[in-house]
Amino acid sequence: MTYLDNNVVNVALPSIQRDLGLTISGLEWIVSSYILVFAGLLLAGGRLADLFGVRAAFLGGLGVFTAASALAGLAGSQEVLIGARALQGVGAALLAPAALAAIAALFPEPAERARAIGLWGGIGALALALGPLIGGVLSEHAHWGWIFLVNVPVGVVTAVLGVRHLPAGSRSRRPLDVYGLGTSSAALLALTYALIEGERNGWTSAPILGSFAAAALFAAVFAAVELRSADPMIDLRLFRRRMFTGGLAITGLWAFGVFGIYFFLALYLQGVLGFSPTGAGAAFVPLALVMAVMAGVSDRLARRFGPGPVTASGMALMAAAVGWMSTIGAGGGYFDLLPAFLLYGLGAGMLIPLNDVIIGAIPASDTGVASGMLNVSREVFGLLGVTVLGAILTARQTAETPAAFLDAYRFTLVAAAVIIALAVPLALATLRRPAPSAEKEPDPVLAA
């Protein structure tokens, strides 16, 4: 639900605008308010899961998200709908990190945990691809409110399952790091706002430059607070672990590719090939299915060959697929794109074990905040993918004509392939298995 609601609303915007009489700004904020709050509060949500237990955070976030979905589906005004979307973001920021941390708690045995996280990643990949399709079908054949109301029965059933099966867990005795929570949330909110609004307001405008400056300032204050705190929200020494830091960086590059390519391929499918919004959403389903199937087997590949070679191979396949897509022009059709789509899904599915690498690289007491950081990497780098690739396309496009757009679009895909390929050497360098002697050394963070 949380990943689906990133993009399920996009194709329903014309219906919402007709019913509620929204302005263009209002439409943009229906999409942006959810992403802004979700990304901005993810670290805080992850730490709350560590402090109060994953069950409490999961059920609390689920309750907020489900209630907000009902409010959004029944909204009769722009203000109520935007507020409900922001409230969904609050619930999602609690729910998403707690869900991944709950998997780590439910499956302590490494092989089982890897399979469970693979399934979690596959479902997330399906949600990203199915969002536009589900939104298009529901808005076309039912009232647009159902794109939100469909979450309510799912939320109720999930709550019953959570109460019955999630371990209660124990509350941490560590005090709540209020300053760390506040400064990290402020930094992420300011950064996300700048990335969302930069194109519309202008990247050199005062609000956007001010938001970037505020993000940098709050991030610096956060680092200073954490270094001085006896009980920090995040032990910054965790970033000395190459598999943790490298995994987060590669996850970011993965999200950069996935979010950015989905966005620009949708423009190509509709603007050049003439697909309807629902048809464009359906076009991504084969890609998502391959990604989900690959997610179910990629953990076995990672155990056999190591996470570094498997991750590097996956990113190489993604980069090659994007380069392939750039060779298909106006004379191409969907079946010319389909092999590249399938290759892309194959490569993206191979990165699912990376989630387990990141979670397994840190102490069990910090799985919630690690899950939050993993989700932050996905959301922020995903926004960067749309933003950076959009800036490249805009700079390259010389005229408002289909031919000029196609030239800029193909150049942008080449640039995206190069950026995605940067993860190949990074994976080989940071995700190599530790030497046997290193495994026997006491862990300085655990010892502390």
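I looked up the largest pocket and found a volume of about 1400 Å³. On a 1 Å grid over the protein atoms alone, a pocket is an open set of points with protein on both sides within 12 Å along at least five of seven lines, and lining residues have an atom within 4 Å of a point. Grid points are joined across faces, edges and corners, and a volume is the space filled by probe spheres set on the points. Of the 40 lining residues, Asn10, Val31, Ile35, Phe263 and Val386 are the closest to the pocket's centre. I note that α17 gives the most to this lining, with 9 residues; helices are DSSP runs (H or I, at least four residues) numbered from the N terminus.

The model is predicted: local features need pLDDT of at least 70, side-chain atom pairs count only at pLDDT 80 or more, and totals for chains, interfaces and linings use all residues. Residues are numbered from 1 along each chain as its sequence is written, and side-chain values use heavy atoms, without hydrogens and water.

I next looked for cavities, sets of points where a 1.4 Å probe fits but cannot get out. Thr251, Trp254, Leu351, Ile352, Leu354, Asn355 and Arg378 line the largest cavity. The elements giving two or more residues to that lining are α11 and α16.

I then looked up how these helices meet. Residues of α11, including Met243 and Thr251, contact Leu354, Val357 and Ile358 in α16, where contact means heavy atoms within 4.5 Å.
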